[in-house]
Amino acid sequence: MEDQVFAILAFSYDSLSNDTIKSCFLYCSMFPSDYEILEDEIIELWIGEGLLIASYDIQRARNQGYDIIESLKVACLLESAESGKHVKMHDMIHDLALWLTMKTEEMKERARVLESRDFAEMKEAQMISLWDLDRISLFHRSVVGPKVPSFPNLETLFLRRNSMGEIPSGFLEKMSLVRVLNLSYNYRLGMCWQVHQLVNLEYLNISFTSIKARSIRGLKKLRCLILNFTHLKEIGQTMISGLSSLKLFSMHSGCHQQHELLLFDQIPENNILCGGKKALLEELESLEYINEISIIIPSDISVAELSSYKLLSLVHLETLQISSCNDLKDVKIDTIDKGKQGFIPRYSTVLPKFSKLHEVHIISCSKLLDLTWLIYAPCLQSLAVSACESMEELIDGSDGVVQENYGLFSRLTTLQLENLPKLNGSCNYVLPFPSLKMIYVHSCENLRKIPFDFNTGKNSLKKIQVEQSWWDGLQWEDEAIKQRFNSFFMPSVYMDLYQVLGYGY
């Protein structure tokens, strides 16, 4: 009976247009059913596995990955999660993917094991995915002792969201062919010295762990290195520049406390995280194949300094976070012709036009007044503004700025406004927001009116997550408009920026 059901469901899989899309679909079964998978993460894994034709060019590969995700959604093999940045696989579709994986002898050799704790059953597998090992002692008893299991065929290993503090000695040494290693979300994991022995490793993700940087030294074949939200305070000189095949580097901090950052002054000079990450940028620029860098730059590095790095040309900027710039009052766009000079007010930052910018986070800029410069970001998809005490409006509506830029926010899918006490709704314009899916508002007591009309988010809006008292006090031009948006309203509790944007557990 089960085979008959899967044979019917497999019609959607068989109808996929090419083998690349089919392989990417099957790969999603490495995640548990109904798990919300960050789109960028699964695409980076496809890149690391070499599944995408354009893997040599990270941006082209990403675009191909997004197209594949849309194809899988159309085929009802993936579905959008609540956050616009995530997808998930229904449990029946997940079972279908596992069934397809095991249907032929060739695919059996690449078996994915999601829940088994008996390592003897896995020794011939090429791909293993283990999550939520609550009885971690079983894991230790399986891999330590005189007979440490060997995995001669293993190429991909997921050990995610487990409670382990270390990976037992000798375990990874038996995995000489591993090319993809995902150890993310093991918050307690700090001891993992064996990673540098995986000489064939091409993808490594140690996000949300406490693994030390020296574990990555000498990985000559590594193409993708993801270090987001780790507790790294030190990376030695030449450690990054020695990764000669590296193409993608991502290091979002965000979990350091202020007292931790002060410790940088006490770390030896050979730490390339010192000095505003300038040494890190220089090492990354020395790499022949690098073509995507995602890092947070401290506010003491000027725009002029950033522009001196060829890899950080702001014209190609895709994600921008401005944080804790307490003297910044305004951001000006440089529209002056070359060879001419223009007056730029003090306490302003000058930026070129953003043709590719799609994600902006503005956090704790206490004197910043507005974000009118975003009219030069036509591809913006996600905007989060938090703890900007002086901000009175997002876009200056005077002088016909909005009317001249009717396509403003036309691609925006996610909007977060949090802790903006002076933000008001005294705008004389409405915006259609044709792509908007999710709005989150918290602690914006002075915002009593929003620039919506009956057509705002007409075919896209899914959720308005705000405080009940704030929603009840909103002023509407028409009762019919209020009734239309009531169906999307969801009372909220406080979520920080990273929860809203889809990072975290």
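1. How many bridges join strand E18 to strand E19? Strand E18 (residues 438-442) and strand E19 (residues 463-466) run parallel and are joined by four bridges, and within this pairing Met-438 has Lys-463 of E19 as its bridge partner. Strands here are DSSP runs (E, at least two residues), numbered from the N terminus, and two of them pair if DSSP finds at least two bridges between them.

2. On provenance, this is a predicted model, in which local features need pLDDT of at least 70 and side-chain atom pairs count only at pLDDT 80 or more, while totals for chains, interfaces and linings use all residues. Residues are numbered from 1 along each chain as its sequence is written, and side-chain values use heavy atoms, with hydrogens and water left out.

3. The open sheet consists of seven strands with parallel pairing, in the order E12-E15-E16-E17-E18-E19-E20. Strand E12 (319-323) and strand E20 (489-491) stand at the edges and have a single partner strand each, so one side of each is left without a neighbour in the sheet.

4. Arg-161, a residue other than glycine, has a positive phi, near 55°, and lies in the loop between strand E6 (156-160) and strand E7 (180-182). With a relative accessible area of 17%, Arg-161 is buried, where buried means under 20% relative accessible area (1.4 Å probe, protein chains only).

5. Phe-433 is likewise not a glycine, yet its phi is positive, at about 40°. Phe-433 is placed in the loop between strand E17 (414-418) and E18, and at 4% relative accessibility it counts as buried.

How values were computed. Buried means under 20% relative accessible area, exposed over 50%, partly exposed in between (1.4 Å probe, protein chains only).
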